[in-house]
Structures are given as C-alpha cells and as structure tokens.
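Colleague: I'm new to this one. Could you walk me through it and tell me how each label was reached?

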Amino acid sequence: MSRSETPRTNAASDVPPGTLAWIGVTPRQLAGFMAMVFGMFMAILDIQIVSASLSEIQAGLSASSDEIPWVQTAYLIAEVVMIPLSGFLARALSTRVLFLSAAIGFTAASALCATATSIDQMIVYRALQGFIGGGMIPSVFAVAFSLFPPSKRNIVSPIIGLVATLAPTIGPTVGGYLSNAFSWHWLFLVNVGPGILVAIAVYFLVDFDKPNHSLLRRFDFVGLAGMAVMLGSLEYVLEEGPRYDWLDDRTIATFAALTVVGAIVFFWRAATAREPIVELRAFRDRNFAFGSAFSFTMGVGLYGLTYLYPVYLAQVRGYDALMIGETMFVTGVAMFLTAPISGRLASVLDPRVMMLIGFSGFALGTYWTTSITSDWDFWELFIPQILRGSSLMLCMVPINNLSLGTLPPDQLKNASGLFNLTRNLGGAVGLAVINTLLNKRLDLHLARLHESVSWGRAVAEDQLANMQQSMSQMLPDGDLSALKQLAMLVRTQANVLSFADVFLFLTLLFASAGLFTMLMRKPAAIPAGAGGH
C-alpha cells in the first residue's frame, strides 16, 4: 500500500489542534463524517422505501404485477455489485471523490426516478440509483474505523450501526406516509434536497485520505465482469427463484449457471490479478470471517423480518401501507433507544457476550411469534418488535467492532465492502428462503386443512350449514357465498400456520448463531486514554 493511501490517524503525536477530546477528531472531520453518515442513511433507506408503495407505483406507471417487483430488484442487483467495488475505487480516487460522485449521482438518479413515465424507465433509473448509491455505504464504515481512535469506537459504532439497521426498518413507514400524504413521486423527490446538501458538505469537509491514481492503470476489467455477473445473477436468482419455482424455470436456471461462471472468473482473478477488484485476504482474519458470517445472519433478521411482518399484516390483517408503517415503527423506536445503551455496554462487556444476548433476543422474539394467529394485531406484535429492535443494536455494535476493529488500516476499505456485502446477501438469501418456506408450508397446511373440512366431517358440515343459513338471509346466493367464505377461512388459517413455521425456522437460526459467538477471538482491551491506532 502506498503512503498516499494510508488514512490519517489520530496518534497522540500528531493530533491536530482543535481536536474534540470526547471523540478524538476535529470539528471539521466530525462534520464531514456526519454528512457521510446521512448520505449512507439515504442510500440504505431507499432499499425499502418503495416496498410498502409498490401498488401505487404500479398504478402510476401502468405496470403489470410481474414487472413491478423489478423496481425493488433492479436497485438491489446494482447495489450489491457496487458495494464490494467501492473499496478499490476509494483507494484509487480517495474517499472524498468517491463519496462526492456517489452523492451527486444518487441525487440525480432519484430525480430521474420521480420523472419516470414507464416501468422500463423506472427500472433503469432505479438500477442507476442503487449502483451509484452503493458506493456510499462501505465508505462510512471504512472511515469510522480508520479516522476515529480505537478508544472512541464505542461512541461511533452505535451511530453507524443505528443508521445501517434503522434505515431499512423505517423504510416502509416513511414510504407509506409519503405515498399516502402526497404521491409515489415523493418516495424519490425526498432525496433531492438532502442529497445536494450532503454533496456540498462532503466537498468542503471531507479530506481523510489521498488518491492513488496508479491503481486505475491496473484496473481489472475481467475481475469486475466476473463479479458483476456473479453477484447480479445471484441476486436475480434469489429474488425471482421463489416466484418461479427455482431451477424448474429456464431463466432462473440460466442465471444460476451464470452465477457459477461469474464466480469462477471472479475468484480466479482475485487470486492471480496484480490489483484485484476485491481483495479477499481479510478473510484470513478469524474475527473478520466469523463477523461476516454473523453479519450475514443479522441481514436475515434485518431484511427478512422487515419483509415478513408487513406481508402478514397485509395478507391476513388487510392493513394498508400507512397502517403497516405505523405498526412497524415500534422496531425503529426500540433501536433508537437501545443505541446509546449498546455503546455503553460495548465498553464494559465482552463483545461476544453482547452478541450472544443479541442473538438470544432475536430468537426469543421469533419464538414468541410462533404462536401467531389471524387475530394478532399491533399489541400482540409489540413485544416481538421491541425484542427485534433491541437485539439488532446489541448485535450490530460488537459485530462491527470485532470484524473491522482488529484489521490493519490498509485492509479496511476492501474489508468494509465485503462486510457490508455479507449483510445484504444475508437479506437476499433470507428473503428467498422465507418466501420458499411460506409457499411450501402454505401448500402443506392447505392440504391438511382441506382434509379437516371435507364432506363427511360433521363439524365442518355443521359450520357450513350455519354459515349458509346466516348468509341466505342477506344474499340471494347465500349457499355459494358461505362456501367461498369457508374456503377463505381455511386459506387464511393455512397462511397463518405457514408464518408460524417460518418464525420457528428463524428461531433456530438465531439461536444457533448465538452458540457460535464464542468462537470469535476477544480483542485486546483498549486503554481508556488510547488515541492511536
């Protein structure tokens, strides 16, 4: 690594005048970092901000039900390619140039999304938005662990942890409010003003490292192509696989094959290229390897449950976007209140114990929900959501500190991209598994319940007779209406049982993750007054 790439440190011998003692950086550096954090918040928020408002976008663009999920998928595929690439670009261009370009591009793409008049335009603009915005996310993590002294990371880590987890959690809430109060266009226009302010702040305040332009002359285009094909195809398979029965669909099978081909090319170049697009040597560090696995698991809890609760509320309870957002807001409040507590605990508690408590909280929350019924409402979901929100913060802070806090500075930029990639892939894999389980278990429970309400079952026939008698007094075709209502009741109960099965699966996943936390290596204690790296 060249000297020009080395991040500026805060060793006691070269702390600049005017440093804020409580955080270990100058006011200008702190302001620049907070501007970057806000930019990351916008990029992560936009992953989920459209999830509760897809029906409004579909109506506005006259899109089909098969086309509209691509508003979400295009963003995710493009973002997942940029996140690992950002480490190389930050070293070659500097954090300032990369983040400034990303902020400007993300803002422009957001404005373009609001002007889209067809689904094709929207998909292209969302892909641009995701690809460009993806560069902002790992940059914040890399700066947090290179700019601030180790003794201050228990202050900084809860901030970036809160932003990284709170943004997708409140996305449906913000999106539901904007689309109900104004129109779906404001899902994207809301980024324009803040995006301009972030770009201006980064231009004037961020100057944490220097570029190494010589890296651009050794840019590995073959490795980039392999990575793009691998990650883009994998994301497509995970997003569309549950809907089209996985490899039984020719398109899914084709993209699965492309994933394998892209992976072979990418890993070959990563091992042989002089300057690989993504350096994988960080995985030699046991803490980083285990931390990435835990980040993957946390992605399942973050994105999977952000998806699962709204689906239940919409399908079973019949909630609209705003009502779903109001119900989900409990998790966001719990995360916000737990963030300072997790920062304090990180300074006095073994981080592995914190992770064990966090994953145990996840498991308790999902186990609580295995008893879900079709009558569950805001208050029944209240405690599980508090457990989820608190557990996210109790996991995020120690995972960040253990994974990135022990790496040398020259590996931080690449490692940050890989670390954030694992969280996103965890969400993608989690959603694919959740959707597949929901579909498979729904079919199983439907078959079993149909046996219970078949002709010849006295209880079922008595129930149907009572419903027919009641409806015949109100409707001319009361017998047929009663039969349809009974079929809907059966399907609703089968749906609820499939949700309970998924929550049980997640309980086992989080409990297992908790058991593995002790395999990580406890980092050496940092003296309270330490300021160097």
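Colleague: Which residues do ring pairs link into a cluster?

Modeller: Phe294, Phe359, Phe362 and Phe510. Keep in mind that this is a predicted model, where local features need pLDDT of at least 70, side-chain atom pairs count only at pLDDT 80 or more, and totals for chains, interfaces and linings use all residues. Residues are numbered from 1 along each chain as its sequence is written, and side-chain values use heavy atoms, with hydrogens and water left out.

Colleague: How many aromatic pairs does a search of the whole structure find?

Modeller: The search turns up 20. Rings of Phe, Tyr and Trp (its six-membered ring) pair if their centres lie within 6.5 Å; planes under 30 degrees apart are stacked, over 60 edge-to-face, and the rest tilted.

Colleague: Why is the pair of Tyr236 and Phe255 called tilted?

Modeller: The ring centres are 4.3 Å apart, and the planes sit at 40°, so tilted is the label. This pair links distant parts of the chain, with Tyr236 in helix H10 and Phe255 in helix H11, 19 residues apart. Helices here are DSSP runs (H or I, at least four residues), numbered from the N terminus.

Colleague: What makes Tyr236 buried?

Modeller: Buried means under 20% relative accessible area, exposed over 50%, and partly exposed in between (1.4 Å probe, protein chains only). Tyr236 has 11%, so it is buried. Phe255 has 28%, so partly exposed is the word there.

Colleague: And why is the pair of Tyr312 and Phe499 edge-to-face?

Modeller: Their planes are at 85°, with centres 5.7 Å apart, so the pair is edge-to-face. Tyr312 belongs to helix H12 and Phe499 to helix H18, 187 residues apart. Both Tyr312 and Phe499 are buried.

Colleague: How do you know that Arg96 lies over the face of Tyr203?

Modeller: A charge sits over a ring if NZ of Lys or CZ of Arg is within 6 Å of the ring centre and within 35 degrees of the ring normal. Arg96 is at 4.8 Å from the ring centre of Tyr203. Likewise, the charged end of Arg269 sits over the ring of Trp268, 5.2 Å from its centre.

Colleague: Why does Gln385 count as buried?

Modeller: Its relative accessibility is 0%, so Gln385 counts as buried. Gln385 lies in helix H15. Leaving out residues up to four places away in sequence, Gln385 touches Tyr309, Thr327, Met328, Val330, Thr331 and Ala334, where contact means heavy atoms within 4.5 Å.

Methods. Helices (H or I, at least four residues) and strands (E, at least two) are DSSP runs, numbered from the N terminus.
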